[in-house]
Structure formats: structure tokens, C-alpha cells
Amino acid sequence: MAMDSLSKEKFEELGTYIDSLPSKKGELIRVLHRAQGIFGYLPKEVQFFVARKMDVPTSKVYGVVTFYSYFSMTPKGEHNISVCLGTACYVRGAEPVLEEFKKQLGISCNETTADGKFSLNALRCVGACGLAPVVMIGDKVYGRVTKDMVKDILAEY
Amino acid sequence: MARINSCEELCNVKAKALEQQKNQKITILVCGGTGCKSSNSDMIVKNLRAALEEEHLTDRVNVTMTGCFGFCEKGPIVKILPDNTFYTEVKPEDAAEIVKQHIVNNEKVEKLLYKDQITNESIPDSKHMSFYKKQMRIALRNCGYIDPAVIEQYIREDGYQALAKCLTTLTPEEVVGMVKASGLRGRGGAGFPTGLKWEIASKYDADEKYVVCNADEGDPGAFMDRSILEGDPHCVVEAMAICGYAIHASKGRVYIRAEYPLAIKRLENAIESARAHGLLGDHILGTDFSFDIEITFGAGAFVCGEETALLHSMEGSRGEPTTKPPFPAESGFFGKPTNVNNVETYANVAQIILKGADWYRSIGTEKSPGTKVFALAGKINNVGLIEVPMGTTLREVIFDIGGGIKNGKRFKAVQTGGPSGGCLTEKDLDTPIDFDNLVAKGSMMGSGGMIVMDEDSCMPAVAKFYLEFTQEESCGKCTPCRVGTTRLLELLTLICEGKGEMKHLEELKELSEVIKDTALCGLGQTAPNPVLSTLNAFYDEYLAHVVDKKCPAGACRKLLSYRIDANKCKGCTLCARNCPNNAIEGKVKEPHVIHNDLCIKCGACMEKCKFGAISKG
């Protein structure tokens, strides 16, 4: 595990945030959101740290992290590609688009390319169904994506 | 920012905002919903303002970025008031022309006007668009009309008047009574009477009670809650405060999906400005009533839409449901009495208080009064967000408002209720939509997602798609749902891959019934609905997969076979060169043949063929 991604400063930042909460009761998910914002993901070192600071068993932290799809235990790529597989996108052909991303990047869903540049995942509905099928890279939304557009989209990064 | 300390002061703010609106002769509304924003509507606003600046028109013409207009198919949308001119698919570079031609020369920009799909004639304003004609907007009344970031605009449209009326002229019991009399039913899916929920929560004594807004819109293909929060966040804030007054609660929480960054931003902004104006916090409008709202983020779990699971998630735990009773109204957030309603439900409340229960009852059907917002999506011409009175038929929604099926294809089915709902077909098109009719037809209202499918959609594959979703989202707590959805998905996969047998169809049905009867929460109990409704309406399609090993819609890849028409094939060898598995054989300038035992059904040959000689079936 690269130490720079788990630097002391980051732990201190998270620690300060947890200490600033008026009450720790019921705030575990809020803290994990913050932790993922700081570290980019939630490796076990971070989960141990959160458990100690929040005074809850690590098993509870792990249980919550693995329950919610928003939390990730592996680092994401520099550019995270989310292909919407909500129903509207599905019936308008999102599956072939996802397949094309997999083919071009040589990775499956929830994986990151070897150079750490792209990670790929499928999500359910970003609510922009008028633009279906939708792909999000970071905060940028691509609408009415077809298989043939995938190459050009990737070339932008 | 001045605090508003009384109803009188609230009316003054309203009068001032009305005056300001009157002074500005023309307003240009630009859609700032997620869809239109992704198509660069921010830039349109910027360019419009710059062009107005250049023409020295800024004091006369106002540019407002609003919430969603609902007509997402043709976004970005620009609407001009007072004449309601409706421009579609506007690009940032069109801004200068709109200002020059429309504002300065008073001539409409023909190329940007919406064209009727049948007559292809330009429609001069939104009042003449069939998309809007049959709609009636209560929950969406301000979406696409006001700037959600400016509280004065909400106040101008009677905002916070309902809260003022409750605090100064009605007792909490009278508020509950009004909501109860209106017949409003929960818009989140199950349709439980809202007034009854409030009444139960109001009767429990506790040192603290909570008002919760469920904005965990997880149904894929539904985006009404997001649009309401983006376009009119104050209507939810106001309704939550009214509910707080009615059930004697001083704390509110909104549980919202982390995947909705724009909605979160606008809601945070609304809560802050309501606080600054004394419309949240201590002594609201100078009365003894105090109420405040906090936001809690979800973390991506569909089951958290179920109210007990949602409350556990708000407490920082795994979002697993628990058995009811006790209902949240008795023991909810940290064991305190809690009222949970969905965003769209709250969006109706202020209007009911202002216009009365009888007015609300006069809209819709007897057992489902009011309107319902639907998210029209899929293979339909006008994808978007619509609001119609309950009792409107599916035909009116899909063909009159939705403009019919894309590319002139045949209507096959409409899926309502998301992963918990079912598919309705041609014969159900004239059914008036309300909570009870949809259940009677084997589907349900759900949160209002409406996905239209055409002849290219394979129904067993659609059922499989939904089961992939519920299987993945099953929290795993109860066996019927955890194991049952997995088994259902396995059976459907066998069928879609051509390995199905007749006994599997029987098993599908039996297992579905067992899951329905035994699962712990709504997610599991409704998970088999897509299977049962497609089995019921499209049994012949299942038979085709199982007996003939064919997919009539041509969607299940494993059941396809590709053929080359010897009469059309010129022997150019392009297909053979592109086949990744060397399954195509043939000499130059002679018709080629596909060996089906080697074919992996990737479709590369069909895509490459320049003579249309390859077909699938």
C-alpha cells in the first residue's frame, strides 16, 4: 500500500473532523463519506482508524462500508467512468456501451486500469433519463452515448 | 438578509417581489435541471446576459435559471415570458440571436421553435404543445418557473403562506384534519394515506419527534424527487415545517442520495436562506413554533427507500429493514416517533393547506385524489417529467403527452413501479391510472417511473434485468429475498440463454409466490412482480425461449443466429476478415457462409457488411 495515499496529514484531517462533531452518535456514515473524500477510498487502515475514533467495533465499520455501494475499498482511477444502467438507459442500449468501455480499457466493472488512469463502474440512474444512455466521467455527463463514441470519449483524457 | 418576523412582513416581501416582476417586462427562463445543465445551459445563461448587456436591456429583461421544465427530450430549453415562447435544443451560440431577433426585433426565432411531431409545424408557445395540454401541475408548479436559489421568488408564488396560515389560524389537529380530508396518499409507492400517518405520529407523546423526508430516489428511471428538489426546494422545506407543527416535532431530516449533487446543493441553499429569513429555526414568523432541518446523505442502497431501513441508515448503520409494527410513527429515528414522507408527497402539502381539502379532492379519482408526477422514459418520443391528474389513462400519457413510440415502432409494454412493479400492455392502455387500478392490473404506482418498451424489447430479458437489480440490492437479512431473488435470477438466465425447460416456468411462478408471501420488507415482497407480470402477459415469449430456443425480439444474444443471404452477398470477404472467431468461410466474389457452431454472436459481421446481406433471427 503506497504510504503517500495514506499520509499522516490525511489521518490528522479526518481526526480533526471527527473531533469537531457535536456528537458521534449516529454519525458513522457521515464520517465515512468524509473519509472517502479525503483518501479517495476506504482501505482497512482507515476503517480501523474510524472505528477507534468513533468508539465502535471495526466489524460495524466494515459492515457499513461493504453494505453501501457508494463506499469503495479499492482506489479509483484518476478518471472514474460510470455507465448508467438504469432502466431508461438499459432499454436505450447502455449495455453495448458498457461492453465497449470494457473492451477498450481491458478491465471489468469495479476495476482500475494498470496505469491508474481510468476506473470503470456501472451505476443505477443519475436521473438524466432524457439523455439516455448516459455516461459520467468525473462530474462531466455524456448523453446519448453510442458504442462508436466510446473511443473519442476516452481520447479526451 | 432581513428576518421575516410576522405574516404581515411575509406579505410585504411577497408584494415587493411581485412589484419587481412587474417592472421587468420580459423574463427569459433557462432550464437548469441536471439534464439541461449537462447540455451546457450554464453557458446559455452567460451568453444571454452578455448579449443583453450589449443591447443595454438588462433593466428590462431578466434571465432566470430555473428547475426542470420536464421536456428533457429536447433540452436545453429556453422559455420566454410573458408570451410563453418555447425554444428547444438551444445552444450557447444561439443566445445572441434570441436577444437580437426575439427581444429587440420582436420576431420569434423560427429554427428554435418546437415542431409538432405529426404536422411538423412550428408551435409558437408552450400552451399549444400537446406535451403540456393535458398536464396539471401541483407538485411541479414552480419547477421551470422560479429561480430555486432565490427565496423571494418562492415567496412571490405564495411560498410560506401555508406555513403562516397554519401557525396563526389553525391548530395542529386542524392541520392534520385538512391533510386527512384531502385524501392525499404517499407518493413514494405504497400510497398510504398521509393524513393518517401524521395523525398517528401526532398522538404519541415524546420529548422529541422527527419529520423525515425520504429523498432516496432509488428506482432506476424515476427522477421526480430530484427535479422537485432542484427546481423548487422551498416547497419541501415549507411542508416539512408544516408537518412539524402538526405532529409537534421540532426537528426535520432529509435523507438524500449522494448521487444527486445538484439537488443537494439547492436544498442546502434553500435551508440556509429559510433559516436566514426566520422561516426555519427558533420562533418562526414570530410565533412560538421552532423547527429546523438537517440533511443526511445516503450511500447507495436501494433498500434504504424502505422507511425502517432508511431510519437505520440515518442512525449510521447498515440500512436493513425491521418488521413493522412498531411503525416509525411510534418508534422511529433513535426510537422517537417519526413521520416519514416522500419528496413528492410533501410537495403537495402547502397547496392543500392554501386551497383546501375539497379543492384537492376535486382533482383525480375518488380513492386517489390529486395529481401524480411520472418520469416518462425509454422508447418514447418525449422523454421527460410530467404531472397529470390521477385517472388519466396510460394511452393519454404515452401517446398524447409522450408523443408515441420512437422511430414509428410498435408499442409493446410500459413498465410502471420500477423493480417493484410490472409490465402493462396494449389491453391496459385505457385503464385510468390510480393506486388501486395499477395494483389490480398486476403492477403498481411505485414512485412514478414509466418506462416504455417497443417491439425490440425482450420481456424475459427485461424481467432478468430487474431481478439483477433486486438481487444485487437485496440487503440479505431475510432468506426469501436473499436466496429467492438469486434463484429467480438463475432461472431467468437459463431461459434467456436457451437452456430453459418447461419445468423452469412452473418453478419461476411458484418461487415468485413464495417470495411475495414471506419476504420481510417491500423490496422482497415486490421483487417477483416483474417476473409474474411478464409471465402473465407475455407467456408466449417465454415459450419461444424455452421450447423453440428463439428470442422473438432478437435481444437475447445466446439465442440469435446470423445468416448470410447468398443473393445479396458479393463475396467481398469483409465479414470473414472481421470475424473474431473465424466462423465465416467463402472465396472472393462468392457468397460466404457462417458456421453457427463457431459463431460467438458478436454481430461484427452484420455491422461491417456494406450490402445488408447479413441478418439475425
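Tyr157(A) is partly exposed, because 13 other C-beta atoms lie within 10 Å, a count between the limits of 12 or fewer for exposed and 20 or more for buried. This residue of the predicted model is placed in the segment after helix H7 (150–155) of chain A. Tyr157(A) and Glu78(A) are 79 residues apart in sequence, while their C-alpha atoms are 9.8 Å apart in space.

**Chain A**

Chain A contains 7 helices and 5 strands. Read from the N terminus, their order is α-α-α-α-β-α-α-β-β-β-β-α. A box of roughly 50 × 30 × 25 Å along the principal axes holds the C-alpha atoms of chain A. Of its 157 residues, 32% count as buried. Where contacts in chain A join residues at least 6 apart in sequence, 61% of them link residues at least 24 apart. The domain assignment divides chain A into domain 1 (4–67) and domain 2 (79–155), and the C-alpha centres of these two domains are separated by 30 Å.

**Chain B and its side towards chain A**

For chain B, the domain assignment gives domain 1 (20–133), domain 2 (151–361), domain 3 (371–454), domain 4 (459–548) and domain 5 (560–616).

Val462(B) is buried, since 25 other C-beta atoms lie within 10 Å and the threshold for burial is 20 or more. Leaving out residues up to four places away in sequence, Val462(B) touches Met453(B), Ser457(B), Pro530(B) and Thr534(B). Leu438(B) is 24 residues from Val462(B) along the chain, and 19 Å separate their C-alpha atoms.

In soluble globular proteins, nonpolar side chains tend to be buried together. The largest nonpolar core here has 221 residues, of which Val134(A), Leu48(B), Val236(B), Ala239(B), Met240(B), Ile242(B) and Ala375(B) touch the most other members. Helix H11 (residues 233–247) of chain B contributes the largest share of this core, 11 residues. Apart from this core lies another, of 12 residues, including Ala576(B), Cys605(B), Ala613(B) and Ile614(B).

Beyond its neighbours within four places in sequence, Met240(B) is in contact with Val211(B), Cys213(B), Gly252(B), Ile293(B) and Tyr346(B).

| Helix pair | Angle | Axis separation |
|---|---|---|
| H9(B) and H11(B) | about 50° | 8 Å |
| H11(B) and H14(B) | about 75° | 8 Å |

At about 50°, H9(B) is therefore oblique to H11(B). Trp198(B), Ala201(B) and Ser202(B) of H9(B) meet Cys243(B), Ala246(B) and Ile247(B) of H11(B). By class, these contact residues are 5 nonpolar, 1 polar and no charged.

The angle of about 75° with H14(B) falls in the range of 65 to 115 degrees, which means that H11(B) is roughly perpendicular to H14(B). From H11(B), Cys235(B), Val236(B), Glu238(B), Ala239(B), Met240(B) and Ile242(B) take part, and from H14(B), Val343(B), Tyr346(B), Ala347(B), Val349(B), Ala350(B) and Ile353(B). The contact of H11(B) with H14(B) has 11 nonpolar, no polar and 1 charged residues.

**Helix H10 of chain B**

Helix H10 (residues 224–231) of chain B is largely enclosed by the rest of the structure, because 8 of its 8 residues are buried. The buried residues of H10(B) are Met224(B), Asp225(B), Arg226(B), Ser227(B), Ile228(B), Leu229(B), Glu230(B) and Gly231(B).

Terms used:
Residues are numbered from 1 along each chain as its sequence is written. Chains are lettered from A and ligands numbered from 1 in the order in which they are written. This is a predicted model: local features need pLDDT of at least 70, side-chain atom pairs count only at pLDDT 80 or more; totals for chains, interfaces and linings use all residues. Helices (H or I, at least four residues) and strands (E, at least two) are DSSP runs, numbered from the N terminus. Two residues are in contact if their C-beta atoms, placed from the backbone, lie within 7 Å. Domain bounds come from an automatic or database domain assignment. A nonpolar core is a set of buried Ala, Val, Leu, Ile, Met, Phe, Trp, Tyr and Cys residues joined through C-beta atoms within 7 Å. Axes are lines fitted to C-alpha atoms, for helices over the stretch in contact, and angles run from 0 to 180 degrees between N-to-C directions. Angles under 35 degrees count as roughly parallel, over 145 as roughly antiparallel, 65 to 115 as roughly perpendicular and the rest as oblique. Ala, Val, Leu, Ile, Met, Phe, Trp, Tyr, Cys and Pro count as nonpolar, Asp, Glu, Lys and Arg as charged, and the others, Gly among them, as polar.
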